[in-house]
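Dear colleague,

Please find below the sequence and the structure that I am handing over to you. My findings follow directly after them.

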Amino acid sequence: MLKPLRFARVWLGLWWLAIVVTIVVCLIPPPPLALPQNSDKVEHFLAYFLLASAAVQIYRTRAALLWASAGLVLLGVGIEFLQGALTTTRMADPMDALANSVGVLAGMAIAFTPLRDALLRLRG
């Protein structure tokens, strides 16, 4: 299921840590920054693009990538529900969930490029 990476379990652990950090960052109060309207959609896209493209680097099989992508999409939608239900400083936004999902699709598209094995080149 995992690619034959040097320290594959470390990479997998870092990926899961990134997922946990994403969850925490999305549920804590946002920093008081004056950003352009809807610029957070770019942040959502980039976060899920990075998570998905990291999954492409770690997982070898199509089935594993399918599960990872489905899990990331569900995570992005679930976080939006949690923001609306559990926080008073955040609100659920379907457009954020869409940006998350598009980020996952774009990140998974790395699997169809030569970059899909970039982490394997670090084997040395």
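**Thr22 and helix H1**

Thr22 is located in helix H1. Please bear in mind throughout that the model is predicted. Thr22 has a relative accessibility of 12%, and it counts as buried because that value is under 20%. Apart from neighbours within four places in sequence, Thr22 is in contact with Tyr48 and Leu51.

Ala18 also belongs to helix H1. Its relative accessibility is 30%, so Ala18 is classed as partly exposed. Between the C-alpha atoms of Ala18 and Asn38 the distance in space is 23 Å, and the two residues are 20 residues apart in sequence.

**How H1 and H3 meet**

Helix H1 covers residues 8-27, and its axis comes within 10 Å of the axis of H3, with a crossing angle of roughly 20 degrees. An angle under 35 degrees counts as roughly parallel, and H1 and H3 are therefore described in that way. The crossing of H1 past H3 is right-handed. On the side of H1, the contact is formed by Trp15, Ile19, Ile23, Cys26 and Leu27; on the side of H3, by Ala68, Leu72, Leu75, Ile79, Leu82 and Gln83.

**How H2 and H3 meet**

Are H2 and H3 roughly parallel or roughly antiparallel to each other? Their axes come within 10 Å and cross at roughly 155 degrees. Since an angle over 145 degrees counts as roughly antiparallel, H2 and H3 are roughly antiparallel to each other. H2 passes H3 in a crossing that is right-handed. H2 contributes His44, Tyr48, Leu51, Ala52, Ala55 and Val56 to this contact, while H3 contributes Leu65, Ala68, Leu72, Leu75, Gly76, Ile79 and Glu80.

**Helix H3 itself**

H3 consists of 25 residues. From its first C-alpha to its last it reaches 35 Å, close to the 36 Å expected at 1.5 Å a residue. Its buried residues are Ala64, Leu65, Ala68, Ser69, Leu72, Leu75, Gly76, Ile79, Glu80 and Gln83. H1, H2 and H4 are included in what covers these buried residues.

**Helix H4**

The N-terminal end of H4 is capped by Asp93, which has a side-chain oxygen 2.9 Å from the backbone nitrogen of Met95.

**Gln57 and its surroundings**

Gln57 lies in helix H2. With a relative accessibility of 12%, Gln57 counts as buried. When residues up to four places away in sequence are not counted, Gln57 touches Lys3, Leu5, Ile110, Leu115, Arg116, Asp117, Ala118 and Leu119. One of these residues, Arg116, has its backbone oxygen reached by the side chain of Gln57 at 3.4 Å. Another, Leu119, is 62 residues from Gln57 along the chain, yet their C-alpha atoms are separated by 5.9 Å.

Most residues other than glycine have a negative phi. Which value does phi take in Phe7? It is about 60 degrees, a positive value, although Phe7 is not a glycine. Phe7 sits in the segment before H1. The relative accessible area of Phe7 is 55%, and Phe7 is exposed because this is over 50%.

Asn38 likewise has a positive phi, near 65 degrees, and is a residue other than glycine. Its place is in the loop between H1 and H2. At 47% relative accessibility, Asn38 counts as partly exposed.

**Points to look at in the model**

You may then turn to Gln57 in helix H2 and to the contact of its side chain with the backbone oxygen of Arg116.

With kind regards

Key
Residues are numbered from 1 along each chain as its sequence is written. This is a predicted model: local features need pLDDT of at least 70, side-chain atom pairs count only at pLDDT 80 or more; totals for chains, interfaces and linings use all residues. Side-chain values use heavy atoms; hydrogens and water are left out. A polar contact is a pair of N or O atoms within 3.5 Å; within protein, one must be able to donate a hydrogen and the other to accept it, and residues adjacent in sequence count only if both atoms are side-chain atoms. Helices (H or I, at least four residues) and strands (E, at least two) are DSSP runs, numbered from the N terminus. Axes are lines fitted to C-alpha atoms, for helices over the stretch in contact, and angles run from 0 to 180 degrees between N-to-C directions. Angles under 35 degrees count as roughly parallel, over 145 as roughly antiparallel, 65 to 115 as roughly perpendicular and the rest as oblique. A crossing is left-handed if the near helix is turned anticlockwise from the far one by less than a right angle, and right-handed if clockwise. Contact means heavy atoms within 4.5 Å. Buried means under 20% relative accessible area, exposed over 50%, partly exposed in between (1.4 Å probe, protein chains only). The expected span of a helix is 1.5 Å times one less than its number of residues.
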